[in-house]
Amino acid sequence: MRYLIALAALTIATATHAAPAPQPVPLLKTLGWMHGVWSETKDGVVTRESWYANGSGLAGLTETIRPGKPVQLERTTITAEPAGITFTAILPGQPPTPFVLRPGKEKEAVFENKAHDFP
């Protein structure tokens, strides 16, 4: 499963040697461009993401608004974890699901968890 955030350029450097776990401050410097509210309307469906720094990374809320249906809410976080920068989806009634940042194209951030289905 992949979460694709095509918002702005993101560059992540990789090391060839073992390094300590990533720290929150570099994460915020790297992904600080995500801070704020992002919105997309496609085929009558409005998707709005709100991101803010929470001291240890980023916290977010995604609202999906479909005509005639209840608003769907999804809490999200982006944190520095031993596996790398990790996007975690937190849906009602489900355990948190992590997705690790993969190298990607310019102006996008791709988070993947191959053991999980696409939303």
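Predicted model: local features only at pLDDT ≥ 70, side-chain atom pairs only at ≥ 80, totals over all residues.

Let me start at Glu112, which is found in strand β8, where strands (E, at least two residues) and helices (H or I, at least four residues) are DSSP runs numbered from the N terminus. Residues are numbered from 1 along each chain as its sequence is written, and side-chain values use heavy atoms, with hydrogens and water left out.

Is Glu112 buried or exposed? Glu112 counts as buried because its relative accessibility is 13%, the term meaning under 20% relative accessible area, with exposed meaning over 50% and partly exposed in between, using a 1.4 Å probe and protein chains only. The side chain of Glu112 is joined to that of Arg102 by a polar contact of 3.1 Å; such a contact is a pair of N or O atoms within 3.5 Å, where within protein one must be able to donate a hydrogen and the other to accept it, and residues adjacent in sequence count only if both atoms are side-chain atoms.

Stepping back, the protein has one helix and eight strands, and along the sequence they follow the pattern β-α-β-β-β-β-β-β-β. Buried residues account for 32% of the 119 residues.

**The core and its rings**

Which residues have the most contacts inside the largest nonpolar core? They are Leu31, Met34, Ile78, Phe87 and Phe111, in a core of 13 residues, a nonpolar core being a set of buried Ala, Val, Leu, Ile, Met, Phe, Trp, Tyr and Cys residues joined through side-chain atoms within 4.5 Å. Strands β6 (84-90), β7 (97-102) and β8 (109-112) each supply at least two residues of this core, and the largest share, three residues, comes from β6.

A search of the whole structure finds three aromatic pairs, where rings of Phe, Tyr and Trp (its six-membered ring) pair if their centres lie within 6.5 Å, with planes under 30 degrees apart counting as stacked, over 60 as edge-to-face and the rest as tilted. In the pair of Phe87 and Phe111 the ring centres are 5.5 Å apart and the planes stand at 40 degrees, so this pair is tilted. Because Phe87 lies in strand β6 and Phe111 in strand β8, the pair ties together parts that are 24 residues apart in sequence. Both Phe87 and Phe111 are buried, and ring pairs link Trp51, Phe87, Phe99 and Phe111 into a cluster.

Thr88 also has its place in strand β6, and at 12% relative accessibility Thr88 counts as buried.

**The hairpins**

Finally, strand β2 (residues 36-42) and strand β3 (residues 45-53) run antiparallel and are joined by seven bridges, strands being paired if DSSP finds at least two bridges between them. Lys42 has Val45 in β3 as its bridge partner. These two strands form a hairpin with two residues between them, and Asp43 in the turn has a positive phi of about 55 degrees.

Strand β3 also pairs with strand β4 (residues 57-65), again in the antiparallel sense, over eight bridges, with Val46 standing opposite Ile65 in β4. Here the hairpin has three residues between its strands, and Gly55 in the turn has a positive phi of about 95 degrees.
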